[in-house]
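Please walk through this two-chain model with me, from overall layout down to single residues.

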Amino acid sequence: MYENRITGLLYIAPFLLGLVMFTLFPFVSSLLLSFTDYQLQDPVSAAHAIGLENYRQMVGDRTFRHALGVTLLYVFATVPLKLAFALFIAFVLNFKLRAIGLFRTAYYIPSILGGSVAIAVLWRYVFAGDGLINQALGAAGISAVNWLGDPAYALTTIVLLRLWQFGSAMVVFLAGLQTIPTDLYEAATVDGAGKARIFFTITLPLLTPVIFFNFVMQIVQAFQEFNGPYIITGGGPLKSTYLLPLMIYDEAFKYFNVGYASALSWTLFLIVALFTALAFGSQRYWVFYGGERGERT
Amino acid sequence: MPNILSVLLSALFLLLVGPALSQTASPTAQPPVALPSAMDTPPIELRMSWWGGNDVHRAQLKALDLFERRHPHIRVKAEYTGWAGHLERLTTQIAGGTAPDLMQINWNWLKLFSRDGRGFYDLNRLAGTLRLDGFDRDALAMSTIQGHLNGLPLNMAARLFWFNKTTFDKAGLTVPRSWDELMAAGPRFRQRLGPDYYPLDVNFQDLTAIAYSWIVQHRNRPFIDEAAGRLALSRDDMVAIARLYTRMVENHVIPDARERAAYGNVPPQEMRPWITGRYAGTYQWTSAIGKYVDTLEPGQEVVLAPYPLLPGAASAGLLYKPAMLFAINRETRHPREAALLLDFLMNDPEAAHILGLRRGVPESAAAVAALRQEGLLHGLAWEGRQQIAGLPRTIALTGWFEHARVRDGFQDIFEALGYGRIDAEEAGKRMDEDINAILARVIR
């Protein structure tokens with residue numbers, strides 16, 4: 001019994017080590033640092049405890065308020081659009097079509113590539129003033145759009161990059177769609193229900209646990225977006241794509257103000273936690289587990 | 001059983017602690033400065049980091065290869081990247097105690113990492129291995145903090161005006177020789193080549209540098225009063241700077257903010273209008289102009305323009321500084337070997353031949369002599385150095401001008417002005433208030 005426990009511990013030791021070193025330690029230390037004036041170039045011993053000063057500073061920080069606003073706008077635009085788009089594609093790919101496996105693979109590929117630096121660079125060129133999109137618009141007789149240079153459009157290009165990575169959510173939706181019993185559809189069809197009614201009264205309600213799962217995952221991911229705005233626009237123009245993770249990065253690694261960056265990180269963490277908690281709290285009103293709202297069977 | 005266990009534990013203890021004890025005892029037993037020979041010790045591994053383009057990387061690796069052949073007891077592990085993200089990477093390494101033994105740094109980083117001069121190894125202590133006599137006194141003075149020589153400058157550099165002569169020829173113009181000629185070139189470009197052509201392209205950082213030079217020439221005084229921790233110029237001077245920008249845009253000298261931003265977060269030399277010659281000028285470092293020339297489409301020629309100088313200007317307002325320095329990690333275990341490598345890269349004739357002018361004209365007199373002997377002292381970087389030598393430089397640059405917060409502060413204000421969110425008066429007011437607030441904060 002004892003030997004089994006040792007063997008088991010040894011098996012999970014790499015994971016535990018990773019958890020402690022790369023998650024738990026930064027997690028706790030960033031919380032502690034958020035109450036200090038620690039500067040990256042100085043030894044940690046030179047940091048002074050300043051209580052809640054960093055958090056107080058945040059309240060009066062125009063840049064923080066702006067970055068928070070842009071982040072919320074980005075999250076509110078990205079999450080519903082991505083969920084709707086992923087659900088739509090999953091719905092289409094759930095039909096029995098020829099070579100459906102090929103289509104499913106093809107639609108998943110952007111998700112594998114999408115978060116990479118290379119794709120962000122590609123996106124930058126595609127949406128540049130003389131990029132592919134504007135060339136296509138020009139060929140169609142439509143005047144060019146300043147995607148990256150106009151503050152009104154810059155965030156849209158970042159949102160589109162995130163939407164393009166719909167594959168993971170789509171696969172989860174597809175799995176969910178395939179668990180819905182077909183006899184429900186057959187019964188509804190026999191009763192004369194139309195396709196739209198079947199979708200809204202059978203498919204959608206039975207899919208709500210999967211929608212909830214994707215919703216929470218997408219919220220968490222969207223709040224952490226960094227690669228896209230950093231590489232494509234650098235947070236500009238006029239800070240219109242300056243999301244909170246960019247501000248945290250600038251404060252920590254450009255201005256070396258790690259104490260304040262840690263406070264910003266913890267604020268972001270609390271915001272994500274708040275939205276996640278709200279999502280969990282709301283599920284009793286709209287998520288159906290086995291026929292009962294918000295209650296697992 | 002307990003006996004066997006205690007024997008095993010003792011053996012393990014000796015195995016783990018023994019070498020540590022012998023290591024702590026060794027320094028007193030060894031001669032202080034002797035370099036080990038290849039025969040009696042395993043190779044020493046040095047880590048060295050730098051940034052640059054592929055051309056620099058290839059030459060640097062070749063030089064390191066030669067160094068290793070000359071010194072078989074030293075192995076050099078090269079860690080090289082592009083410019084983007086290099087500071088962040090190095091900062092993390094320094095903070096984590098994993099910085100390389102020898103590292104390329106920027107001059108203004110001394111303000112970040114070594115405010116008291118103790119952030120890097122004091123190279124004066126390695127003078128026996130490192131030949132410093134071939135370096136300009138000003139260059140060494142700008143690299144010294146509180147008596148500690150923190151780095152050895154690869155070269156001294158300044159921002160100068162470089163123009164695409166091919167495009168200027170198409171416009172029927174010679175490259176500008178004065179501020180007035182620069183302003184007059186814009187309308188001629190628009191008229192003769194069309195609205196997509198501009199005589200100059202600058203991002204907001206370059207623009208701030210131009211504004212610095214222009215206002216210093218006008219006022220004949222420093223930009224920043226380091227001792228007072230604030231701008232040495234008035235609010236009216238800042239308004240004048242803001243108006244300079246709006247005039248340059250209105251006169252079609254530079255593209256406006258929206259047009260430039262349409263290319264996204266991309267280095268200027270990688271923007272298509274620069275590559276094709278539509279943006280026909282840049283205000284760049286002598287050490288960086290090479291990479292701007294590299295990206296041009298074939299058949300185009302870039303030339304150095306005479307520096308615009310106002311009549312009566314006591315100083316050209318150059319951002320003249322050590323362009324890049326090599327510093328030794330203050331915690332390196334092999335300072336002598338690191339100094340040996342640094343000396344080789346800076347002063348050795350063969351290394352000078354391999355590295356050439358890729359990072360600009362070397363500051364080391366020995367390297368310059370070697371390059372002169374081989375007839376390699378020509379080209380834009382050399383012309384730039386000659387021009388700098390002939391310009392008045394009575395007002396010295398302070399590293400605070402290039403502090404990230406100061407730079408970003410100017411960028412935010414110029415951007416707001418460029419997008420029409422504020423006018424020149426408001427921009428000048430904000431420069432006066434915001435930049436002074438930033439300076440008061442960073443110059444502690």
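What follows goes chain by chain, then to the contact between the chains.

The model is predicted. Start with chain A. Its secondary structure comprises 13 helices and 2 strands. The C-alpha trace spans about 75 × 75 × 35 Å along its principal axes. Of its 297 residues, 31% count as buried. Sequence separation in the contacts is worth a look. Take the contacts in chain A between residues at least 6 apart in sequence: 67% of them join residues at least 24 apart.

Now look at a helix pair in chain A. Two packed helices are described by the angle between their axes and the distance between the axes. Helix H8 (residues 167–178) and helix H10 (residues 195–223) of chain A cross at roughly 165°, and their axes come within 9 Å. An angle over 145 degrees counts as roughly antiparallel, and H8(A) and H10(A) are therefore roughly antiparallel to each other. Their crossing is right-handed. From H8(A), the contact uses A:Ala169, A:Val172, A:Phe173, A:Gly176 and A:Leu177. H10(A) answers with A:Leu207, A:Val210, A:Phe213, A:Asn214 and A:Gln218. By class, the residues of this contact between H8(A) and H10(A) are 7 nonpolar, 3 polar and no charged.

Further along chain A come some backbone details. The loop between H11 and H12 of chain A holds A:Pro237. A cis peptide bond links A:Gly236 to A:Pro237, with omega about -10°. A:Lys239 also sits in the loop between H11 and H12 of chain A. A:Lys239 is not a glycine, yet its phi is positive, about 60°. Is A:Lys239 buried or exposed? The cut-off for buried is 20 or more other C-beta atoms within 10 Å. A:Lys239 has 21, so A:Lys239 is buried.

A:Phe256 lies in the loop between H12 and helix H13 (258–286) of chain A. Its phi is near 65°, a positive value in a residue other than glycine. A:Phe256 is buried, with 22 other C-beta atoms within 10 Å.

Turn to chain B. Its domains are each built from two segments: domain 1 takes 44–157 and 322–381, and domain 2 takes 159–319 and 403–442. The centres of domain 1 and domain 2 of chain B, taken over C-alpha atoms, are 30 Å apart. Their contact draws 12 residues from domain 1 of chain B and 10 residues from domain 2 of chain B. Which elements give two or more residues to the domain 1 side? They are strand E6 (152–157), strand E12 (321–328) and helix H16 (380–390) of chain B. That side of domain 1 of chain B has 5 nonpolar, 4 polar and 3 charged residues.

B:Leu123 counts as buried because it has 26 C-beta neighbours inside 10 Å. Beyond its neighbours within four places in sequence, B:Leu123 is in contact with B:Leu130, B:Leu149, B:Leu152 and B:Ile328. B:Leu123 and B:Arg330 are 207 residues apart in sequence, but their C-alpha atoms are 9.8 Å apart.

Chain B has a helix pair to inspect as well. Helix H17 (residues 404–418) and helix H18 (residues 424–442) of chain B pack at about 165°, with axes 9 Å apart. That angle makes H17(B) roughly antiparallel to H18(B). H17(B) passes H18(B) in a right-handed crossing. Among the residues making the contact are B:Phe410 and B:Ile413 of H17(B), and B:Met431 and B:Ile435 of H18(B). The contact of H17(B) with H18(B) divides into 12 nonpolar, 1 polar and 3 charged residues.

Finally, bring the chains together. 21 residues of chain A are in contact with 21 residues of chain B. On the chain A side, helix H11 (227–232) and helix H12 (244–254) each supply at least two residues. This side of chain A has 10 nonpolar, 7 polar and 4 charged residues.

B:Gly264 shows the meeting of the chains at residue level. B:Gly264 lies in the loop between helix H10 (257–261) and helix H11 (272–276) of chain B. With 27 C-beta neighbours inside 10 Å, B:Gly264 counts as buried. Leaving aside neighbours within four places in sequence, B:Gly264 is in contact with A:Arg124, A:Ala128, A:Leu148, A:Ile232 and A:Thr233.

Technical notes: Residues numbered from 1 in each chain as written. Chains lettered and ligands numbered in written order. Predicted model: local features only at pLDDT ≥ 70, side-chain atom pairs only at ≥ 80, totals over all residues. Contact = placed C-beta atoms within 7 Å. Helix = DSSP H or I, 4+ residues; strand = E, 2+ residues; numbered from the N terminus. Nonpolar A, V, L, I, M, F, W, Y, C, P; charged D, E, K, R; others polar. Axes fitted to C-alpha atoms, helices over the stretch in contact; angles between N-to-C directions. Parallel < 35°, antiparallel > 145°, perpendicular 65-115°, else oblique. Left-handed = near helix turned anticlockwise from the far one by under 90°. Buried ≥ 20, exposed ≤ 12 C-beta atoms within 10 Å, placed from the backbone. Domains from an automatic or database assignment.
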